[in-house]
Amino acid sequence: MISVTIRSYYAKDYWDVLQIDREAFSPSNAAYDVYLYLKYGSAIFVAELNKKVVGYITLMELEGGNAKVMSIAVKREFRRMGIGSKLLDEAIKWCRARGKRNLLLEVRVSNLPAQNLYKKKGFRTIGVTPNYYSDGEDAYIMSLNLEGQ
Ligand SMILES: CC(C)(COP(=O)(O)OP(=O)(O)OC[C@H]1O[C@@H](n2cnc3c(N)ncnc32)[C@H](O)[C@@H]1OP(=O)(O)O)[C@@H](O)C(=O)NCCC(=O)NCCS
């Protein structure tokens with residue numbers, strides 16, 4: 001059984017988050033991704049294992065009492081150990097504490113690992129955004145209803 005701590009992001013976590021983002025998404029500019037998380041994110045949580053940051057989740061508050069997962073990623077070697085699930089649990093807790101109605105996200109139609117994780121937490125697919133990603137791939141829009149639960 002591994003012992004993972006989920007905590008809020010500190011400035012000292014910047015390089016770890018950058019590297020996890022780069023490994024997970026191969027963006028043309030990972031620093032720009034992290035800039036967006038810091039500028040527009042309402043909350044960032046990191047997963048710490050043996051004092052090392054091995055994953056993160058970023059959330060953005062939306063109008064209408066909703067929130068959105070901007071990004072979630074776990075370092076490759078630490079995947080499939082329940083860390084993504086714990087990060088998402090923390091995000092859901094954060095949303096509930098603020099009375100959010102829905103937690104939304106976009107996910108590549110080809111990203112079955114992430115879709116499985118979201119479905120396991122109760123997310124449902126509510127739409128498709130064609131051409132959402134820069135390479136032309138479509139995104140599923142998924143939503144978790146937090147009201148009355
Ligand atoms: C998606 C991601 C965050 C999941 O993190 P993780 O720590 O591996 O997830 P967990 O170990 O908590 O898995 C929880 C559940 O998700 C599903 N899942 C996770 N990885 C999976 C895989 N490779 N194949 C199928 N289902 C998978 C399973 O249902 C799993 O439960 P189980 O292990 O009991 O079967 C991780 O794969 C990742 O960082 N991917 C790259 C970045 C990414 O795609 N982010 C999502 C963008 S929308």
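Residues are numbered from 1 along each chain as its sequence is written. Because the model is predicted, local features need pLDDT of at least 70 and side-chain atom pairs count only at pLDDT 80 or more, whereas totals for chains, interfaces and linings use all residues.

**Exercise 1. Overall architecture**

Task: State how many helices and strands the chain has, and determine in what order the elements run.

Solution. 
- Step 1. Helices (H or I, at least four residues) and strands (E, at least two) are DSSP runs, numbered from the N terminus. On this basis there are four helices and seven strands in the chain.
- Step 2. Read from the N terminus, the order of the elements is β-α-α-β-β-β-α-β-α-β-β.
- Step 3. The radius of gyration, taken over C-alpha atoms, is compared with the globule rule, 2.2 Å times the number of residues to the power 0.38. The chain has a radius of gyration of 15 Å, close to the 15 Å that the rule gives for 149 residues, so it is as compact as a globular protein of that length.
- Step 4. Along the principal axes, the C-alpha atoms fill a box of roughly 35 × 35 × 30 Å.
- Step 5. Two residues are in contact if their C-beta atoms, placed from the backbone, lie within 7 Å. Of the contacts in the chain with a separation of 6 or more, 55% are between residues 24 or more positions apart.

**Exercise 2. Strand pairing and turns**

Task: Describe how β3 pairs with β2 and with β4, and identify the residues with positive phi in the two hairpins.

Solution. 
- Step 1. Two strands pair if DSSP finds at least two bridges between them. β2 and β3 are antiparallel, with seven bridges; Ala47 stands opposite Gly55 in β3.
- Step 2. The hairpin of β2 and β3 has two residues between the strands, and Asn50 there takes a positive phi near 50 degrees. Most residues other than glycine have a negative phi.
- Step 3. β3 and β4 are likewise antiparallel over seven bridges, and the bridge partner of Met60 is Lys68 in β4. Four residues lie between these two strands, and Gly64 in the turn has a positive phi of about 80 degrees.

**Exercise 3. Burial and the nonpolar core**

Task: Contrast the burial of β3 with that of β6, then locate the largest nonpolar core.

Solution. 
- Step 1. A residue is buried if 20 or more other C-beta atoms lie within 10 Å of its own, exposed if 12 or fewer, and partly exposed in between, with C-beta atoms placed from the backbone. Buried residues make up 26% of the 149 residues.
- Step 2. In β3, seven of the 10 residues are buried, so this strand is largely enclosed by the rest of the structure.
- Step 3. In β6 (residues 124-129), the count of buried residues among the six is zero, and the strand is hardly covered.
- Step 4. A nonpolar core is a set of buried Ala, Val, Leu, Ile, Met, Phe, Trp, Tyr and Cys residues joined through C-beta atoms within 7 Å. The largest one has 31 residues, of which Phe45, Val46, Tyr56, Ile57, Val69, Leu87 and Ala91 touch the most other members.
- Step 5. Elements that each supply at least two residues of this core include α1 (14-25), α2 (30-40), β2 (43-49), β3 (52-61) and β5 (102-108).
- Step 6. Not counting residues up to four places away in sequence, Tyr56 touches Tyr9, Val17, Ile20, Ile44, Phe45, Val46 and Ala73.

**Exercise 4. The ligand shell and the loop beside it in sequence**

Task: Characterise the residues around the ligand, and examine Arg79 and Arg80.

Solution. 
- Step 1. A residue is near a molecule if its C-beta atom, placed from the backbone, lies within 6 Å of it. The ligand is surrounded by 19 residues, and the closest are Arg79, Gly84, Ser85, Pro113 and Leu117.
- Step 2. β4 (66-74), α3 (83-97) and α4 (112-120) are the elements that give two or more residues to this shell. α4 gives the most, with six residues.
- Step 3. Ala, Val, Leu, Ile, Met, Phe, Trp, Tyr, Cys and Pro count as nonpolar, Asp, Glu, Lys and Arg as charged, and the others, Gly among them, as polar. The shell then has 11 nonpolar, five polar and three charged residues.
- Step 4. Arg79 is in the loop between β4 and α3 and counts as partly exposed, because it has 15 C-beta neighbours inside 10 Å. Arg79 and Val54 are 25 residues apart in sequence and 9.2 Å apart in space, C-alpha to C-alpha.
- Step 5. Arg80 is in the loop between β4 and α3. Arg80 counts as exposed, because it has 9 C-beta neighbours inside 10 Å, and its phi is positive, about 65 degrees.
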